[in-house]
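Please look over the sequence and the model shown here before reading the report.

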Amino acid sequence: MAIEQTLSMIKPDGVQRGLIGEVIGRFEKAGLKIKAMKMLHLTLAQARAFYAVHRERPFYDSLTGFMSSGPIVAMILEGENAIQVNRDLMGATNYRQAAPGTIRADFAKEIEANIVHGSDSPETARTEIAFFFNELEKV
Ligand code: GDP
């Protein structure tokens, strides 16, 4: 299994609800290493750029408004099969379909405010890591 990096974000609802430590604890217990981390408040334009792949979706305005509504925590996670390991820890997009014990099943209350984001492929991981972090910010 290859060592991969993936981009994780704790969304505004996760930060606002005091779940930063809980989420990071789950990553570390699963063996994922935090290679970079920052808290920031995305502007609407930045949120729209990050989620540009969804620009045709009916929920794009709502999603990007939500994602720019408060601070988020962005992280680079590294480990064996990190992209899938992180997706498994997150659970399905819709918390009602998320497996028991996943972050979204345990904490999400809406399909949009679902606590965490995680890259879904090596290509998106590369793009999303570059969106948040420059070379000097990686250990
Ligand atoms: P993810 O990779 O599991 O985060 O899911 P997607 O890439 O499909 O969607 C990106 C984000 O858009 C999700 O995490 C949700 O925050 C939001 N989202 C997805 N589907 C819906 C929907 O049907 N309605 C709303 N309001 N938001 C959605």
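The report turns to the ligand and its surroundings, and then to salt bridges.

This is a predicted model, in which local features need pLDDT of at least 70, side-chain atom pairs count only at pLDDT 80 or more, and totals for chains, interfaces and linings use all residues. Residues are numbered from 1 along each chain as its sequence is written, and side-chain values use heavy atoms, with hydrogens and water left out.

Around the ligand (a heavy atom within 4 Å) stand Lys11, Tyr51, His54, Phe59, Leu63, Arg87, Thr93, Arg104, Ile111, Glu112 and Asn114.

| Residue | Distance to ligand oxygen |
|---|---|
| Lys11 | 2.9 Å |
| His54 | 3.0 Å |
| Arg104 | 3.0 Å |

Of the 550 Å² that the ligand exposes when taken alone, the protein buries 79%, with accessible areas from the Shrake-Rupley method and a 1.4 Å probe.

Across the whole structure there are 7 salt bridges, each a side-chain nitrogen of Lys or Arg within 4 Å of a carboxyl oxygen of Asp or Glu. In one of them the side chains of Lys35 and Glu78 meet at 3.9 Å, N to O. This pair links distant parts of the chain, with Lys35 in strand β2 (residues 33–40) and Glu78, 43 residues apart, in strand β3 (residues 72–80), strands being DSSP runs (E) of at least two residues, numbered from the N terminus.

Definitions and conventions
A polar contact is a pair of N or O atoms within 3.5 Å; within protein, one must be able to donate a hydrogen and the other to accept it, and residues adjacent in sequence count only if both atoms are side-chain atoms. Helices (H or I, at least four residues) and strands (E, at least two) are DSSP runs, numbered from the N terminus.
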